[in-house]
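Here is a short briefing on helix geometry and helix packing. Have the sequence and the 3D view open as you read.

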Amino acid sequence: MSAILSGATYPPTLTEEETTNLVIALRDWSLSHGLVIRAPTDTNAGDELSVHVPLTLHPSPFPKNLFDQARGLQTAFNALYAKVADDSEFLNGITEELAGVDEFMSDLWKLHLEVEEMTEGVPAQPLTLGLFRSDYLLHTTPTEEPSIRQVELNTISASFGGLSSLAADCHRFLSKSGLYGVATGSQLLNDETMPLNPAARGLAKGLGVAHDAYGVKGSIVLFVVQNLERNAFDQRWLEYYLLEDFGVVSVRASLEEIAESGELDPITKVLRYKGRQVAVVYYRAGYTPTDYTSPATWEARKKMELSKAIKCPSLATHFAGAKKVQQVLVDELVLAKFVPDANVRSQLKATFADILPLDVSDLGKKARKLIETCPEKYVLKPQREGGGNNVYRERIPGYLAELNDETLWRGYILMELIEPPRDVRNAIIRAGKVKEGNVISELGIFGCVLWDTVTHEIRQNFEAGWLLRTKFADSEEGGVAAGFGSIDSVLLI
Ligand code: ADP
Ligand code: MG
Ligand code: MG
């Protein structure tokens, strides 16, 4: 295992000709099978042009025992975050911490409270759907075997389920075609070490079972999307499988369009979009403040939240994914409130990195000290989603100093840096161009959970495939569309 993770024996050395053939095959397979993303807007290509998604040339190695461990934890994480979302008192406490320092999170919670008041605590729809993704990096120390550490758990707009199924198919195709040269047909690359990834169908199943639970034939799933979304094809795959496997039609609309054409029946609380009844609202937008371009877009979110459509996620569930929540859950006593089973709790906790608040508590004081003495061991995170928002290592003290007002620090968490192996080798193919280097892979496990927020009964809870994203070891962030990273598939070792 370590020889592979050290880059000594994998990936195989290829001739220039072999590499060229692989890249052509990878690009053409991707374009033929919809492993694509909209062309970057700076090329002025227009909406209609797509390119193959940035993809690694080889599947990246990942220890099988740790992969199985991560998958095995997913239903417990699903249940944990469903419980957190149902605990208004707990989330109220979190919002008080963020009051006055994070306007967006405060606005989300205010809207949640307003909806609660308007419905007098009896929601039009008790069921909520979570399509979550729990992300991990391998953590290594000089003396221990690698282990997995959770980076974060996403409760809204968790992406790349559609494309990651295809990434596994593409690498399997390249392998079976004999294009990996000497490695082809070896014990290393086979159907077991390169598993099929059920993420696309798994997430579609989550939406499908929610649609079934809503129970109205002919009703639709409303995909709430960003204008000019580059990653639209990833979303389209869920739409196609939802139709194929469940006979359910999806409609895509932006918050602006829903503000304009979404209607809430004041008596029945049925949500209609352009006249069609909506069973499930699936948010692939609305996770970042810039999605709310006008007061009308907030009204659109309110209209959906007030309706009897099943939300994926509800406002409370969206809020439960705040990084502040992740930080608070590191405390054993807090975690015990949501996970009473000590055995399950210790399994979850084994994946947690240390995370500290930047408030005036004792832990907050400890965090300040650590920033002074060893900032190189930490990453500072605001309550934002979508990549590119973190501050790393030595830049932390200067960044915080510039915020002036120390009360604003409360909007951030300080997280111990996870230390993945840095000698793994791979190449990333972006727009047909090969770049080789040392890489770091982040494993995300998808999970679906459908539960009743009034009775707290969990109706469905299952793991739904995975995502491997890979970036060069010298890049801090891994955003695929943002140009830092790529999609990958696992080579289990
Ligand atoms: P976002 O919600 O914006 O995706 P993340 O918490 O996932 O925020 O951080 C973005 C990226 O930063 C991660 O994908 C990972 O590459 C890197 N990162 C985040 N936390 C850590 C950490 N504790 N150790 C090492 N890298 C991290
Ligand atoms: Mg996130
Ligand atoms: Mg992330």
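Helix 3 covers residues 64-86, which is 23 residues. From first C-alpha to last it reaches 34 Å, close to the 33 Å expected at 1.5 Å a residue. The model is predicted.

**Helix 3**
- A kink of about 35° is centred on glutamine 74.
- Gln74 is itself among the buried residues of helix 3.
- Other buried positions include Phe67, Ala70, Leu73, Phe77 and Asn78.
- Further along, the buried set includes Leu80, Tyr81, Ala82, Val84, Ala85 and Asp86.
- Residues three or four places apart in an α-helix point the same way, because there are 3.6 residues a turn.

**Helix 2 with helix 6**
- Helix 2 (residues 16-33) packs on helix 6 (residues 161-176) with the axes 10 Å apart.
- The angle between them is about 140°, so helix 2 is oblique to helix 6.
- Their crossing is right-handed.
- Helix 2 contributes Leu22, Ala25, Leu26, Trp29, Ser30 and His33 to the contact.
- Helix 6 meets them with Leu166, Asp169, Cys170, Phe173 and Leu174.

**Helix 5 with helix 10**
- Helix 5 (residues 103-118) and helix 10 (residues 295-306) cross at roughly 45°, and their axes come within 10 Å.
- Helix 5 is therefore oblique to helix 10.
- This crossing is right-handed.
- On helix 5, the contact residues are Leu111, Val115 and Met118.
- On helix 10, they are Trp298, Arg301, Lys302, Glu305 and Leu306.

Key. Residues are numbered from 1 along each chain as its sequence is written. Chains are lettered from A and ligands numbered from 1 in the order in which they are written. This is a predicted model: local features need pLDDT of at least 70, side-chain atom pairs count only at pLDDT 80 or more; totals for chains, interfaces and linings use all residues. Helices (H or I, at least four residues) and strands (E, at least two) are DSSP runs, numbered from the N terminus. The expected span of a helix is 1.5 Å times one less than its number of residues. The bend at a residue is the angle between axes fitted to the seven residues ending there and the seven starting there. A residue is buried if 20 or more other C-beta atoms lie within 10 Å of its own, exposed if 12 or fewer, and partly exposed in between; C-beta atoms are placed from the backbone. Axes are lines fitted to C-alpha atoms, for helices over the stretch in contact, and angles run from 0 to 180 degrees between N-to-C directions. Angles under 35 degrees count as roughly parallel, over 145 as roughly antiparallel, 65 to 115 as roughly perpendicular and the rest as oblique. A crossing is left-handed if the near helix is turned anticlockwise from the far one by less than a right angle, and right-handed if clockwise. Two residues are in contact if their C-beta atoms, placed from the backbone, lie within 7 Å.
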